[in-house]
Amino acid sequence: MSTDARDAVEDGFGHVSRTVGTVFRYLLLVSTLVGIVTLGVLLVYVANDAIRPLTADPGWHLTFVLAFALPSLLVGGYLYRRDKSALFTGLNALGVPAVSLLFASAAAMLFVDVVPPLIWFAYVVAVAIPLVVLLATTRYSHRIPFLARVATLAAVTVASLGVVPGAIQSLPFVPQAWLVVAATLGVPVAGVAGTYADRRWGRRAAVSVAVAALVATVAAPFAGPTIGLDPLPATVLMALAGVPTAVYVGTVVVNQPERRVGLLLPLVVVAGALVGGAVVDALGFAGPQAWIDWQFLTSDHSNTPAEAGIYPAIVGTILLMVVVALASFPVGVGAAVYLEEYAPDNTFTRVVDVNISNLAGVPSVVYGLLGLGVFVRYGGMTPGTVVVGGMTLALLILPIIIISAREAIRSVPDSMRQASYGMGATRWQTVKNVVLPRSFPGILTGTILALGRAIGETAPLLMIGAPQIFDLPTALDARVGAMPLQLYVWATTFASPEFYTTALAAGVVTLLVAMLAMNSIAIVLRNKYQREQ
Amino acid sequence: MTRENMTDEASSPADGGDPTTDEMLVETSPTAGVSESDSGTAGGSRTLVEARNVNVWYDDDQALNDISLEIPENRVTAMIGPSGCGKSTFLRCINRMNDLIDAARVEGDLFLRNKNVYDDDVDPVALRRRVGMVFQKPNPFPKSIYDNVAYGLEIQDKEGDYDEIVERSLKRAALWDEVEDQLDESGLELSGGQQQRLCIARAIAPDPEVLLMDEPASALDPVATSKIEDLISELAEEYTVVIVTHNMQQAARISDKTAVFLTGGELVEFGDTQKIFENPDSQRVEDYITGKFG
């Protein structure tokens, strides 16, 4: 017997069949690709209708391939081979201005069309006063009893909100709108940039960075008109997009010399686009007759696709998102902190637990009905307004926020809590000093992803009676529409082959860009968070 | 011994509103006669912590069985024994960290300066402000080195020059020379041994009366371990140190008193370290110490 065994080994060890495993593996690959391919087909299909690249002159394409696409690809390939982290830096240096520009544009829309700068200024001052009082009381007088502090703060807040806005609006002179915005945005932005610089490069650099940010913001309204921007949007764009981009580029240049070469990519991309544009203009090549263009983004709804625009829907979406974030974030995070840090493990909390998971799966139509019932029927609010829509959407994403915030809080290592309790910290001190700071990026990521879901919801807006044809909403109690609702209306009420392949496609692209911009922030935050752990 | 004065001055003018602290402070009168340690050879030091018939259950499992011992002031007391024998559980009884575990139930009396810490009027949070703790795995906060050390001062609302206290604590923890120039950097960027010394600095910054150490060197390499050991011997000049360790040589090197716990949460023998290691009364202890543990 033993000889047989030895002979068998001398022939080799034999083979074990891998057929099933191989088949299984490729099946898994296919199921992975289904999602990506579907998304890709969808995007190409819609983008083709929205942008219509084939309507451009061949010369236009040739120019941009030579001036823009080829150099960008070459530089990208060079960076990829040389140093992947430099390529990553280059992509970031493209992404930061792109995304911050989108958000800054959203803010600019609000300043131009919705919130009169003077009223904005009045309320900023009215809110700043209690904040300063709050800071002063926590920093300089630990000895004031808690209740007295709360009472003082409440009194100051009420008084400030009651008196200051009226006083400022009745000032004998009216400051320029851009000046007001430059002050209210420039100062906090300079403060944030200064704090960032202080942490990285020390006190002296912080002062110069903050001053530079402030000067840039105040100078923007004068520089804006030279490139065709109005003073007000120029100020907002500089404060919310220009300064962050400059700070990012500055960080790369100062702190990561080996990655500086990556900045070549954004340079080539921007220069290529500018050169290509200039050449196309000079030679008279016609560009694509895209449906998604400046006219589409800035016009109201119209019965004809050629004149239809999505501007009121964009502003409506922005306002809704502001309300949703303000309403759902504090409630959701509060519930998560309670359930994770305070709640005893008993039947009640387990019931709450299960129900939150169920609520996350309730169809959005049902939430729309709930909003209609609670806010309109019993709350007596006007149907279809920004507040009602925002609060209904907030209810919709509340369970998602709670679940993701709990996940983030649970990921804080227990040894941190032990360390804090071991030092004699109370539960509140532990939550405030250890748990929340540590889990905040995760909480923020979850919230942004949840907002990304709310941005595309149509059914709740239909249920709460949002109008099919709507104007620019200019107040919280104005009737509102949103981008997905606008798309729905174009696809139903105005259903026609023209709309399907024109305005509708352009609207879909706009909505997707807004959603992807929000998700990209969440992804960046999550990556940063994971790196730090 | 300057310890008496330090305690009275430093351990809590800031906590004026807390009845527990005041009450416990009042009871610091000398009571050497009541609770003198059995052997008397530990230099005649007063007893600071006294356990009387302490039992601990996790749900239905008994983790500690009728523990009674007296921990002398300004000495190092070591707790040794095999895994799962309850020595860490006993340590966590002293500052009531077991309260944080729902399943844990403590019975018996445990006195800190003759005040039973399990009395109803004792606030465990106030108690923990007077009993510092260092854990097995270094667990600095993801904050700067400075903020780590100042954490206890801030949450306890201590008065005084924080810069100076932070510097003094880091010096006492033998870490100052290594981190002097990087106080603003994150505590997580230090090496494991440095992190543990940072945790020690953090624990002693608010000037506690007792310092509990739960296997503080078990996650460290030999060099870092010997640094921590030197440090513990120095700390015993000012603090009462209670240390749990797996390492018998370590207990023999650094402690004045040793408690041997064996399986089932029993305290088998407690006495002067020298006696425990050279001539233990119990055969089981001798077997354990000589490695014949059965």
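Q: How is the handedness of a crossover between two strands read, and which elements make such a unit here?

A: A crossover counts as right-handed if, with the strands pointing away from the viewer, the path from the first strand over the helix to the second runs clockwise. In this predicted model, β7(B), helix α9 (residues 222-235) of chain B and β8(B) make a right-handed β-α-β unit, where helices (H or I, at least four residues) and strands (E, at least two) are DSSP runs numbered from the N terminus. Being a predicted model, it is read for local features only at pLDDT of at least 70 and for side-chain atom pairs only at pLDDT 80 or more, while totals for chains, interfaces and linings use all residues. Residues are numbered from 1 along each chain as its sequence is written, and chains are lettered from A and ligands numbered from 1 in the order in which they are written.

Q: Which strands does β7(B) join, and how do they run?

A: Two strands pair if DSSP finds at least two bridges between them. Four bridges join β7(B) to strand β6 (residues 131-134) of chain B in a parallel arrangement, with V210(B) as the bridge partner of V131(B). Five bridges join β7(B), again in parallel, to strand β8 (residues 240-244) of chain B, where V244(B) stands opposite D214(B).

Q: Why is β7(B) largely enclosed by the rest of the structure?

A: A residue is buried if 20 or more other C-beta atoms, placed from the backbone, lie within 10 Å of its own. Strand β7 (residues 210-214) of chain B is largely enclosed because five of its five residues are buried; V210(B), L212(B) and D214(B) lie on one side, and L211(B) and M213(B) on the other.

Key: Buried ≥ 20, exposed ≤ 12 C-beta atoms within 10 Å, placed from the backbone.
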